[in-house]
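The paragraphs below lead through a few parts of one structure. Please keep the sequence and the 3D view at hand while reading.

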Amino acid sequence: MTDIDPPLPPEELAHRLTEVFALVGPLYRRVQRKVEQTAPIEGLSVGVRAVLDLLRENGPMTVPQMGRAQALSRQFVQRMVNDAAAAGLVGIIPNPAHQRSSLVRLTASGRAAIDAALAREQSLLRRVDGDLTDGDVAACVRVLGRMLELFDHVDVD
């Protein structure tokens with residue numbers, strides 16, 4: 001006897017993944033509200049925070065690249081980049097690969113703001129109760145990643 005469960009049949013898998021969607025939506029909205037409630041510490045909206053986090057993870061990016069990465073419209077990302085630039089959190093630099101699509105990069109202030117936001121969020125997440133293991137978290141990331149792949153083709157513009 002093994003500890004590995006066999007893959008679920010498609011009908012049962014679809015039912016179980018519906019349970020995941022039922023949790024992800026409310027979780028996302030509650031996290032958004034919490035970030036917005038505590039954002040005055042760094043002065044970040046949820047959208048600006050997402051831009052800063054992408055740049056922290058990936059380095060300089062274009063607005064269209066950020067939109068695709070986050071499944072957000074270019075127009076929305078551009079507004080968030082404009083807000084971040086007005087606050088001195090990002091800078092716009094020439095893109096040697098594409099003259100008409102500049103690169104957006106973090107400034108020192110932007111790096112400090114996103115680092116502070118992440119530290120605060122991680123402090124909050126340390127309070128998650130339960131006996132969750134690395135395997136549990138890895139399985140969750142794997143499942144959500146597969147679900148995200150299913151909708152990769154969805155146009156957000």
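Ser101 sits in the loop between β1 (90–93) and β2 (103–106); helices (H or I, at least four residues) and strands (E, at least two) are DSSP runs, numbered from the N terminus. This is a predicted model, in which local features need pLDDT of at least 70 and side-chain atom pairs count only at pLDDT 80 or more, while totals for chains, interfaces and linings use all residues. Residues are numbered from 1 along each chain as its sequence is written, and side-chain values use heavy atoms, with hydrogens and water left out.

Ser101 has a relative accessible area of 16% and is therefore buried. Buried means under 20% relative accessible area, exposed over 50%, and partly exposed in between (1.4 Å probe, protein chains only). Leaving aside neighbours within four places in sequence, Ser101 is in contact with Thr62, Pro64 and Asn95, where contact means heavy atoms within 4.5 Å. The loop between β1 and β2 also holds His98, which is partly exposed at 42%. His98 and Thr62 are 36 residues apart along the chain, and their C-alpha atoms are separated by 9.5 Å.

Next comes helix α2, residues 46–58. Its 13 residues reach 18 Å from first C-alpha to last, close to the 18 Å expected at 1.5 Å a residue (1.5 Å times one less than the number of residues). Ten of the 13 residues in α2 are buried, including Val46, Val48, Leu52 and Leu55. After α2 comes Gly59, with a positive phi near 80°.

How do α2 and helix α5 (residues 108–125) cross? Their axes come within 10 Å and cross at roughly 100°. Axes are lines fitted to C-alpha atoms, for helices over the stretch in contact, and angles run from 0 to 180 degrees between N-to-C directions. From α2, Arg49, Leu52, Asp53 and Arg56 meet residues of α5, among them Arg111, Ile114 and Leu118.

Finally, a search of the whole structure finds one aromatic pair. Phe21 and Phe151 form this pair, edge-to-face, at 6.2 Å centre to centre and 65° between the planes; ring centres must lie within 6.5 Å, and planes over 60 degrees apart count as edge-to-face. Phe21 lies in helix α1 (residues 10–38) and Phe151 in the segment after α6 (134–150), so the pair ties together parts 130 residues apart in sequence. Phe21 is partly exposed at 46%, and Phe151 is partly exposed at 41%.

How values were computed: Rings of Phe, Tyr and Trp (its six-membered ring) pair if their centres lie within 6.5 Å; planes under 30 degrees apart count as stacked, over 60 as edge-to-face and the rest as tilted.
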